[in-house]
Amino acid sequence: MSDLIFHKCLLYNGENLLSKSDCEKIVSYSKNLEKNIFKYRNMPHVIYTSIDETNHCMWIYLKSGNSLPYDDTVIDVETNEKITNPRQITQVELRHQYFALYDYVKQALYLSTLKSIGILTNFFSKVIGEENVTIKKLLKNFNDVLKSFKSIKSIRLVATNGLFTQTNSLFQGVTDAFGLGIPGQYKIDVDFGYASLTEHATRKLREINQKCLAGEIDTFICVGRDDTGLDGVFNMDTFTNSIKIKVAHDEKGMFQDLEVKQELIKQLGIRNA
């Protein structure tokens, strides 16, 4: 048995999380692909998608490989002899497996590897017809955020009216701006367009995080980008950012996608919708 770790991410179509109708469109499109093949960066990829019988999620199984590098000879591991490589230089052996499950009820995406983000983003964008389909990894530990993020895209804060909101300058501007008295809850959404994360900003974010830990702020969501250009999300309300399953390889060293799907659904506790 081998461990497969699935990373929890968020899957966006524009500003909204991917819907069930988007998933149905993806499944319909992939079923009509000739031999289930599509090209990404001029290399063929085989993709299989389906709506699971739980009517709760979309399953995605992807295989890929490269024609290069290539050598004219291979070694037979049983005889220890060099023989002519039976694969032609124009052929691709699909040895790389990627698995993904999108729970469109809970709106969470689980990826067996973050390396599949570029491939899946490209494929989903082709199907849905939007250039701004994005996948953002979820970060649980705030220290990971500060180490990973090089810039900040947006911040959302939600706080129930109390001593903190009544005394903190962050909320004072809207305390009675509409003549309706003090609101029961404050919500702040700000978009910085990927502003650089400075030392001063880091200190401020640490302060906000401490307010969350102390229960003075109910919700704290921070979206940023690392130095590889990958977006990430820190959500104080998210308690799990990865899940591990155990599955066996077959005699050829490959995973069986049905077994992987069933074990992941079991671990996630998904039931019929």
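R225 lies over the face of Y194, at 3.9 Å from the ring centre, a charge being counted over a ring if NZ of Lys or CZ of Arg is within 6 Å of the ring centre and within 35 degrees of the ring normal. This is a predicted model, in which local features need pLDDT of at least 70 and side-chain atom pairs count only at pLDDT 80 or more, while totals for chains, interfaces and linings use all residues. Residues are numbered from 1 along each chain as its sequence is written, and side-chain values use heavy atoms, with hydrogens and water left out.

**Charge over a ring**

- K136 lies over the face of Y12, at 4.7 Å from the ring centre.

**Aromatic pairs**

- The count comes to 8 aromatic pairs, where rings of Phe, Tyr and Trp (its six-membered ring) pair if their centres lie within 6.5 Å, and planes under 30 degrees apart count as stacked, over 60 as edge-to-face and the rest as tilted.
- The rings of Y29 and F123 have centres 5.8 Å apart and planes at 65 degrees, so this pair is edge-to-face.
- Y29 belongs to helix α1 (residues 20–31) and F123 to helix α2 (residues 117–128), so that the pair links distant parts of the chain, 94 residues apart, with helices (H or I, at least four residues) and strands (E, at least two) taken as DSSP runs numbered from the N terminus.
- F123 is buried, at a relative accessible area of 1%, whereas Y29 is partly exposed at 34%; buried means under 20% relative accessible area, exposed over 50%, and partly exposed in between (1.4 Å probe, protein chains only).
- The rings of Y48 and Y61 have centres 6.0 Å apart and planes at 25 degrees, so this pair is stacked.
- Y48 lies in strand β4 (residues 43–51) and Y61 in strand β5, 13 residues apart; Y48 is partly exposed, with a relative accessible area of 36%, and Y61 is buried, with 9%.
- Y48 and Y61 also belong to one aromatic cluster together with W59, F99 and F255.

**Helix α7**

- The 12 residues of helix α7 (residues 257–268) should span 16 Å at 1.5 Å a residue, and the end C-alpha atoms are 16 Å apart, which agrees; the expected span is 1.5 Å times one less than the number of residues.
- The buried residues of α7 are V260, K261, L264, I265 and L268.
- Seen down the axis of α7, these buried residues fall within an arc of 125 degrees, so they line one face of the helix, the arc being that of the directions from the helix axis to the C-beta atoms.
- The buried residues of α7 pack against β1 (2–13), β5 (57–64), β8 (96–103), β9 (108–111) and β15 (242–247), with contact meaning heavy atoms within 4.5 Å.
- Just after α7, G269 takes a positive phi of about 70 degrees.
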